[in-house]
Amino acid sequence: MTTPYEIRQGTSPVILGFPHTGTEVPFEIADRLNDNGRILADTDWHIHHLYDGLLDSVTTVRATFHRYVIDANRDPAGVSLYPGQNTTGLVPETDFDGKAIWKDGQAPGEADIAARLRDFHAPYHAALAAEIERVRAIHGVAILYDCHSIRSHIPFLFEGKLPDFNIGTDMGKTCDSAIAQATLTVVEAAEGYDSVLNGRFKGGWTTRHYGRPDTGVHAIQMELAQSTHLQTEAPPFAYDATKADRLRVHLKDILVRIEQIAPGLKR
C-alpha cells in the first residue's frame with residue numbers, strides 16, 4: 001500500500017491542506033465500485049497543481065487516496081457536516097448527484113469503514129496535525145488553508161450555480177476575522193468572479209476540527225467552483241491553463257495577505 005499522504009515541509013506560517021485531490025484507490029476497493037464510481041467524478045481535480053508555487057516555503061499536506069475510499073474531510077465518527085441537507089458521508093454510498101457508486105451488495109460495511117479509518121483517514125490527519133504543530137512551534141501561530149473545488153452546478157447538493165469563491169470559517173469560529181476579511185477583500189475585488197462567505201459551504205470537518213484561534217491555530221476553507229479552472233466539469237476534467245493562470249493571481253494574493261497577517265495573531 002502506498003503512503004496515504006504526501007508532505008512538503010516549508011517555513012511559512014501557512015499550511016495548505018489537500019484532502020480531496022487524491023485519485024488512488026486500492027485494487028480490492030476499486031473492484032467494488034460500479035462503472036459510475038470508477039469515474040471518480042467527485043475529485044477536487046488539479047487543485048494541488050493550481051496552488052503550486054503561489055507562496056514561498058509553504059507547507060503542503062495532501063491525501064493521495066480518493067474520497068470514495070474514505071473522505072478525509074469528514075468526521076471520523078460519521079457525524080453529518082450539514083444536518084438536514086443532502087451531503088456525502090465518511091465513506092460515500094453515492095456521488096454528488098445522488099447516484100450509487102458501489103456494485104450491488106458491495107457498499108462498505110462497518111468493518112470496511114473501520115479499516116479505512118485506520119489505514120487512510122487517521123494517518124493523513126496525524127500527518128496534518130504534526131505539521132500544524134511544527135509550524136506553530138516556529139511562529140507561535142499556524143494558519144491552515146484547506147483547498148477544495150466542486151462542480152458549479154449540482155442540484156442534489158445546492159440550487160442554481162455555486163459562486164466561484166466559497167469561503168468557509170464555520171460562521172467565524174475557525175479563524176481570526178482578519179483572515180476572513182483579507183480573503184474577502186481579494187475575492188470581492190476579483191473582476192469577473194463572484195463569491196460568498198459561509199454560504200452553502202461553511203468549512204468541512206478539517207476546518208472545524210483544527211480551527212481553534214484561542215490556541216494559535218486558525219483554519220479557513222476555500223471551495224472553488226471548477227468552472228474557474230477546468231476546460232469542462234465533466235470527463236476528462238481537463239485543466240484549463242488560461243483560466244487557471246487568471247485565477248492563480250487572486251489565489252496568490254490571498255495567501256500572501258494571510259501570511260502577512262500571521263505575526264499579529266500571536267497570543
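Among contacts in this chain (heavy atoms within 4.5 Å) between residues at least 6 apart in sequence, 79% join residues at least 24 apart. Please keep in mind that this is a predicted model, where local features need pLDDT of at least 70, side-chain atom pairs count only at pLDDT 80 or more, and totals for chains, interfaces and linings use all residues. Residues are numbered from 1 along each chain as its sequence is written, and side-chain values use heavy atoms, with hydrogens and water left out.

So what is the chain built from? There are 6 helices and 7 strands; these are DSSP runs, numbered from the N terminus, with helices being H or I of at least four residues and strands being E of at least two.

Now the sheet. Strands of a sheet pair through backbone hydrogen bonds, either parallel or antiparallel. Here, 7 strands form an open sheet with mixed pairing, in the order β1-β3-β2-β4-β7-β5-β6; two strands count as paired if DSSP finds at least two bridges between them.

Let's look at one pair. Strands β4 (residues 142–150) and β7 (residues 217–225) are parallel, with 9 bridges, and D146 stands opposite Q221 in β7.

Helix α3 (residues 110–139) lies across several strands, including β3 (59–63), and runs at about 170 degrees to β3. Axes here are lines fitted to C-alpha atoms, for helices over the stretch in contact, with angles from 0 to 180 degrees between N-to-C directions.

Finally, buried residues (under 20% relative accessible area, 1.4 Å probe, protein chains only) make up 53% of the 267 residues.

Technical notes: Buried < 20%, exposed > 50% of the residue type's maximum accessible area, 1.4 Å probe, protein only.
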